[in-house]
Amino acid sequence: MSELSQKEILDTEPTHHEEHIVGPKVYLVIGSSLLVLTAATTAISYLELGVFNAVVALGIACIKATLVILFFMHVKYSSKLTKLTVAAGIFTFFVLITMTMTDYISRAWGLW
Amino acid sequence: MSTIVMLPDQQTASLPKRSYLNEEYGLKSWLLTGDHKRIAILYLISITIFFFIGGFFAGMIRLELLTPPSDLMAADTYNKMFTMHGIIMVFLFLVPSVPATIGNFLIPIMVGAKDLAFPKVNLLSWYLYVVGGILVLAALTLGGVDTGWTFTTPLSTHYLNTHVITAGLAIFVAGFSSIFTGLNFIVTIHRMRAPGMTWFRLPLFVWSHYAASVLMVLGTPVLAITLVLVILERVIGIGVFDPAKGGDPLLFQHLFWFYSHPAVYIMILPGFGVISEVISTFSRKRVFGYTAVAFSSVAIAVFGFFVWAHHMFIMGVSNYSALVFSLLTMLVAVPSAIKIFNWSFTLYKGSITFETPMLYAFGFMGLFTIGGLTGVFLGSMGMDIHLTETYFIVAHFHFVMVGGMLMAFLAGVHFWWPKMTGRMYPEGISKLAALITFVGFNLTFFPQFILGYLGMPRRYAAYPPEFQALNVLSTAGATVLGVGYVLPLLYLAWSLKYGKIAGSNPWQATGLEWQIQSPPLTENFVETPVIDYEAYDYEWLANKTKHEVQTVG
Amino acid sequence: MDSQAIATHPEHEETAHEHPPFLRHHFATVEQQRETATFGMWLFLLTEIMFFGGMFCAYLIYRNWYYPAFVAGSHQLSIVLGTVNTAVLICSSFTMAMGVHSAETRNRKALITWLLLTIVLGCVFLGIKADEYHEKWEKHHVPGLNFSVHDFVRENPAYPDDKPLPLDMADKTQVYFSLYFAMTGMHALHMIIGVSLLIILVARAWTGAYTEGHVAPIENFGLYWHFVDIVWIFLFPLLYLISRHQ
Amino acid sequence: MHYFISPVLWQFLVNWLTHFALFPPEASSIAPYADALYFFLILISLVGMALVLALVTGFSILYRKERNPEATQIEGSTLLEATWTIIPLALFMVCFVWGALLYFRIYNPPTNAMNIYIVGKQWMWKAEHPGGQHEINALHVPLGKPVQLTMISQDVFHSYSIPAFRVKREVIPGRYTTVWFTATQPGTYHLFCTQYCGTLHSEMIGEVTVMKPEDYQAWTEGSTSGMSLAQNGERLFASLGCNACHSGNAGARGPNLAESYATRVQLTSGSYAMVDDAFLRDSILNPTMHTTAGYAPIMPTYQGQISEEGLIDLVEYIKKLNTNYRVQQTLNTSQVQSPVQNQAQSPVASRVQQTAPAASGMVKP
């Protein structure tokens, strides 16, 4: 194995972090689209969509969260390390959920 | 590719004029310090106190189990004893043992930094630890807790009148102490490395602490919220875990073990790091398969999150889920096996000496191998049915935690003691202590495997008389073990004043920490070091020594 | 063996800068200090994800078990208040982001204004939340303290289509409300901590502490505040919206 | 010998040496399987231990400083590392498969097993035999016959452990768990609660007595309380008014329970469920979560009204219910006895009155 490639993978720290100031215009656009999405999700919840009520509502929530993370929290302009950190958090959260669900889903299977 | 390293002449070594120990004086200079080395010493003192409190309870437990009936103390007293033993040893000793003391002291030095990334957070984490410890002592003096350290609901929420809330809060607070320690380590390792200190030049000690820190940061909050829910259930009676209100008590165990299984790795991974350093140093040889050992730590950290339900095979989890968890458990056993073999092969063609830390490290390897292999017994679902909740499991985790982690902790303390204090401890008696610990340990815990297979349940104040012979052996062993633990306390304290001056590199080790004076300066390095050699590079050290001899001569 | 030094934190930058007062001794550069603080904050948020994660996990399980109870429980919440609160919190996130921007552009007055606005919006959120809690108390929906199934075994005037729950299922609304109070309570606790920190930040911003290039505290607090916002972004649909229809 | 040491110590020594256990008795059909796996695991451990020990001591002797003053730096060996990754992995996989097979053997009872109910509470074990024998902290089982334990806890987690049988199962509040065994050796064995359950956890113990079939027969006859569980259940069934709806009549408001056990029913939610002990118990406590398709969710919950023992009686009764004849008989009798009271209980009672006589002759085959 080449040690150099491992270095490249692991050395995610930027040696030079260019100052990136996100302007008020971006904030305004993101803020208002978040408000629009909030209105949308509330409005959609009044429609009868069956299972898709939950899907749509959580989908919109995910979009909103992504917008906040990327722009308000500057992850879009941040180092790979920050992105990895966010990903690690989400990953572990899903480990918790899915591995717990393996029990709850399959409890009714089988004889007891 | 061969190196000869000579031990330095300790007669000529002298204590440096200026060091972190004499930079400032007075209690305030310690209690408000931001220096990671001083905080490490504060931790060392406090965890030692709690270790001996926890040890006292262990002694009482063993004494009670000398005879079959519960005659020394009533059953509820006994229950409080093992609960306090568990809580103190797990949350106030094992989790912070190596990371918060040795790790705190060494990680900044090993990566070539002046301090941890957040010195104030580091101090805060010590204070949180102290608050947690005081809360535990409060629970103890107010009348004790008897839930067992696992806080199983609904027992802990609705069927006990003891100080569960205080103990829960204590663990909550101590948990945040460990979160902040882990956070500090991760940031330091990522951000504070000296020029030239690439990831693959880091000592394995740093790698294993990195892995343990990831577990601390990601696992501990789940325990925190679980305890909050338990406390809320006790205080106001919400019904998340209460079967009477529709909650599932098994969910508590899922969330609890989601932390508490990785916690096992939080406890043992830093120990792995110590062993890597010690074995390499005393065989004067680079650790065999550095990358494999480094990545096996990371693998343990990652897989550690996927296996928790193996604590619950008989608890009524779904059979199929148990199957998945058992399979993953077997996978997580592999990296540990890799480590053991890599350490064994580090000895191959080395130039081995048997100083005290090395003896402890050998003890660790033997006991951890037994502990790890008996873990396979328990991970194997069908066998687990018979063995779980018996003394087999008690013996298993004591082999890993006490035989493994405590041995590693002692190895580390003996290894870095000259660096921390600048003085050596007496060699003969420390070797004797290592031997006594090893013998006492085996005598205490090996009979418990047999007891476990016989079916003796854990947490029993009284037991059927045919188990007595083995229990007497175990108690006798505990006495020996106790001697083995008190001895280091005595001679290490003695060495603070009367020990020989150690010099900066008494073991001729390669780590960055050994290239600076002992005890180190407050700022660790006079100037930022530039690293141009690999970890465990004994040739570099030999060249450096030769060079120094030449320049001095 | 590779003996070439790879410098992760080049030294030459250090010499170029003068040392500002807020640069702590163990950092080489302001840049390093700032990145370190941000990374530390992100790791802390990681722990927060897992902290709330445990409750989200419980929510997922119980919603599948006791779906009718969760529907009936969520029908006791006011969607209007929930939506308003979401909007308030999003606005506060926006003002916070603007605050960070003002700190970066070294505009003291704007910074103080935006931070104060954030405090106000945070307090509005908490006020509405308190009102909702009070209503829950009045309606005997607080599990453990004063819970009664009364509302659930009868018709809900706001939702005429709902059939009254049978007693056994009505009892399970306690699980819903346990989670409701645990989740929103933990969220509100984070808000309270956030507002308290904001007050300190405003006081220090007054002295111009953050408009001289030392933006890290504002930036990192912003991360915390946005995280709390994100938690609410998920709590809102989970608790208020997705169970509107049977 | 005992002239030389103190008599007290002598007594202790004699006591230990005569009551010295190193290996538990193998008293069930599962025990040999468990022990086989145990010895296999011990073998692996011994080999592993011996290997590590040999490597460490061997290298320590060969390469000690006096003998080998110069260390030779070795980077590592991918081949060796792969070896000690793959071989342990393979061994662990064997342990996994073997353990999984054993697990499913222990937790999947055979269909012909006789059922005994266990109720755990702080701090005693109650055993309820279908014939009406009640035991506390004891269990009598026949030799050579598969026995299934259906267990539930009244309060906290307990764990029912019989080391001589190598079986153990958590006893959980609010949910049935099962375990089974076939005893193969007559004798008396330990019964432990192994899950910590509060103050007197260590006194929640008992004895399992394995008896030859004829002795068991005698014991059964000698210790019956006079009423079988099913008979108790029948009384409860009537006194709780279950028979009003579950009368088995064509227009009854509740599903017909006769011969419903071990069938698959469709629920209102559309899913299918197997009618087993757990399903019956849950249906009594949380009826709306288990409403059979085609019936209105009108059954009241009996949460808090029936003890776990009562639930067991009911479950056992419904399990054994082959015909609705006696249900309807009981209904008719109660109407004759107190017609006014039943009238007052309208509409349920009046509805029953209309339908019951017409259907009284209907006997399910």
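Student: How many residues of chain C are in contact with chain A?

Tutor: The model before us is predicted. In it, chain C and chain A touch each other, and on the side of chain A 37 residues take part. On the side of chain C, the number of residues in contact is 38.

Student: Which element gives the most residues to the side of chain C that touches chain A?

Tutor: The elements that give two or more residues to this side are helix 2 (30-65), helix 4 (79-104) and helix 8 (216-241) of chain C. By class, the side holds 23 nonpolar, nine polar and six charged residues. With twelve residues, the element that gives the most is helix 2 of chain C.

Student: In chain D, which strands are the edge strands of the open sheet of five strands?

Tutor: The sheet has the order 5-11-10-7-8 (chain D), and its pairing is mixed.

Student: Which residues form the covered face of strand 11 of chain D?

Tutor: In a regular strand the side chains alternate between the two faces of the sheet. Helix 4 (residues 213-222) of chain D lies across strand 5 and strand 11 (206-211) of chain D. The uncovered face of strand 11 of chain D has D:Glu207, D:Thr209 and D:Met211. The covered face has D:Gly206, D:Val208 and D:Val210.

Student: Why is strand 6 of chain D largely enclosed by the rest of the structure?

Tutor: Strand 6 (residues 146-153) of chain D pairs in the parallel sense with strand 2 (residues 114-121) of chain D over seven bridges. Six bridges join strand 6 to strand 9 (residues 177-182) of chain D, and these two run antiparallel. A residue is buried if 20 or more other C-beta atoms lie within 10 Å of its own. Strand 6 of chain D is largely enclosed because, of its eight residues, the number buried is six.

Key:
Residues are numbered from 1 along each chain as its sequence is written. Chains are lettered from A and ligands numbered from 1 in the order in which they are written. This is a predicted model: local features need pLDDT of at least 70, side-chain atom pairs count only at pLDDT 80 or more; totals for chains, interfaces and linings use all residues. Two strands pair if DSSP finds at least two bridges between them. Helices (H or I, at least four residues) and strands (E, at least two) are DSSP runs, numbered from the N terminus. Two residues are in contact if their C-beta atoms, placed from the backbone, lie within 7 Å. Axes are lines fitted to C-alpha atoms, for helices over the stretch in contact, and angles run from 0 to 180 degrees between N-to-C directions. A residue is buried if 20 or more other C-beta atoms lie within 10 Å of its own, exposed if 12 or fewer, and partly exposed in between; C-beta atoms are placed from the backbone. Ala, Val, Leu, Ile, Met, Phe, Trp, Tyr, Cys and Pro count as nonpolar, Asp, Glu, Lys and Arg as charged, and the others, Gly among them, as polar.
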